[in-house]
Amino acid sequence: MIIGQIKDGIVLDHITAGHGMTLYNFLGLDELECQVALIKNADSVKMGKKDIIKIDRVIDLNMDALGYLDPGVTVNIIKDGKLAKRENLDIPQRIENVIKCKNPRCITTVEQELPHIFTLRDRENRVYRCLYCESKAK
Amino acid sequence: MRSLIDIQELTVTEIDELIAVANDIIENPGKYSEKCKGKILATLFFEPSTRTRLSFESAMYNLGGNVLGFSEAQSSSSAKGESVADTIRTVGYYADIIAMRHPKEGAPMVASMNTDIPVINAGDGGHNHPTQTLTDLLTIQREKGRFDNITIGFCGDLKFGRTVHSLIGAMSRYENVKFVLISPEELKVPEYIKQTEFVAKNLQYIETTSLEEAMPDLDILYMTRVQRERFFNEQDYIRLKDSYILTPQKLETAKTDLCIMHPLPRVNEISVAVDSDPRACYFKQVNNGKFIRMALIMKLLEVK
């Protein structure tokens, strides 16, 4: 399978195999008018299989959301056909409006304007809890 | 200014300081009678409460301050759909400190994020109730004279009881505290609390379904109510409910200096016959609640 090189854009590499579509939907890539390629189950020396997303334009990415959804992703910024910047993600300490609190007793269920904020409580097990009610993110 | 939303926000040293002030207030109430003169406490109770609201109000009056507020959501603008943030911004212009109870978990935190005056969480649903924990700690200190080298038993509903979880968290910070968790299988302490408070801190705990077996070892017995609605079927409730009612007979094997506590209100989980036992401390707890709230109001208002 051959997918052309991009001149100015973003390549999201090392996406856990099978997670590409989740990231595609979460980042709202379906709304872009430029070319976007989602490659599933590409061969990877490091991972065995991986997903890759190529975006033919430089857009603002919510790095915290990306880090929460798939911290192993590598973000490559391409300019003039060359790699301009490579960023390895980390698990974010705090995420805002990435996921919603599911606790029916949480104040966020009745106050629609409140941002849904979660903080990392257990790095080893990647446990996030709601800032307000401390319910575990599901 | 600083708020108090969760008991874990206070260090052990700060808790010790609050307890020392509360004890001094008990000994020398006159010294504190005008400490908050000219200050106003707003008690914003979005759901009914007897003890906590009156305790806060009594505490402020005993400090020479004044009180305003409401005791149910229906008598506030929240009944018209006003957000917590807007209510608090408004109250922030009328008061110097807020005590807030709300049925939704996290509401007092939202309040504290929207005002410059201190907010005290007076209970947010089943989540936090830090001044109850401070009350419990003051009672333990006054009755036992220490927090370390203690065996504390929690009995009843250990799954949903916020006062139990909060007191476990506070007591787990002291040395050589042994926890005895007495409950039916259906109402055991949640696994994540056991992991964070006992396993991760390498603390001793025992789980049992028998109050009688646990009784002889206890220095403190913290009773809670086993509620009918927590059971999946009526038969289990009927089978178990009497096991967790404290009676004079069950106290026969207890230590002579046992301290019996309960966050109240009680329904039938402590027999009225136990009230006259010198080991019953639950009404002393109510009294202690006022004094520790006085100490806390002074601390948050930075009154010396």
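**Exercise 1. Locate R279(B) in chain B, decide whether R279(B) is buried or exposed, and list what its side chain reaches.**

Solution. Begin with the position: R279(B) sits in the loop between β9 (259-261) and α10 of chain B, where helices (H or I, at least four residues) and strands (E, at least two) are DSSP runs numbered from the N terminus. This is a predicted model, in which local features need pLDDT of at least 70 and side-chain atom pairs count only at pLDDT 80 or more, while totals for chains, interfaces and linings use all residues. Residues are numbered from 1 along each chain as its sequence is written, chains are lettered from A and ligands numbered from 1 in the order in which they are written, and side-chain values use heavy atoms, with hydrogens and water left out.

Next, take the accessibility: R279(B) has 15% relative accessibility and therefore counts as buried, given that buried means under 20% relative accessible area, exposed over 50% and partly exposed in between (1.4 Å probe, protein chains only). Finally, the side chain of R279(B) reaches the backbone oxygen of K255(B) at 3.0 Å. Leaving aside neighbours within four places in sequence, the residues in contact with R279(B) (heavy atoms within 4.5 Å) include L251(B), L258(B) and I260(B).

**Exercise 2. Find where the largest nonpolar core lies.**

Solution. A nonpolar core is a set of buried Ala, Val, Leu, Ile, Met, Phe, Trp, Tyr and Cys residues joined through side-chain atoms within 4.5 Å. The largest one has 58 residues, and F179(B) and I297(B) are among those that touch the most other members. Helix α10 (residues 282-300) of chain B supplies the largest share of this core, eight residues. Because domain 1 and domain 2 of chain B both give residues to this core, it lies between them.

**Exercise 3. State which residues form the salt bridge between chain A and chain B, and what area the chains bury.**

Solution. The contact takes 14 residues from chain A and 17 residues from chain B, and the area buried is about 1100 Å², of which carbon and sulfur atoms give 56%. Across this interface the rule finds one salt bridge, in which R105(A) pairs with E105(B), the closest N and O atoms being 3.0 Å apart.

**Exercise 4. Explain what the salt bridge of R121(A) and E134(A) ties together.**

Solution. The closest N and O atoms of R121(A) and E134(A) are 3.1 Å apart. R121(A) lies in strand β7 of chain A and E134(A) in the segment after β8, so the pair ties together parts that are 13 residues apart in sequence. R121(A), at 44% relative accessibility, counts as partly exposed, and E134(A), at 22%, counts as partly exposed too.

Terms used
Domain bounds come from an automatic or database domain assignment. Buried area is the accessible area (1.4 Å probe) that two parts lose on being put together, summed over both. A salt bridge is a side-chain nitrogen of Lys or Arg within 4 Å of a carboxyl oxygen of Asp or Glu. A polar contact is a pair of N or O atoms within 3.5 Å; within protein, one must be able to donate a hydrogen and the other to accept it, and residues adjacent in sequence count only if both atoms are side-chain atoms.
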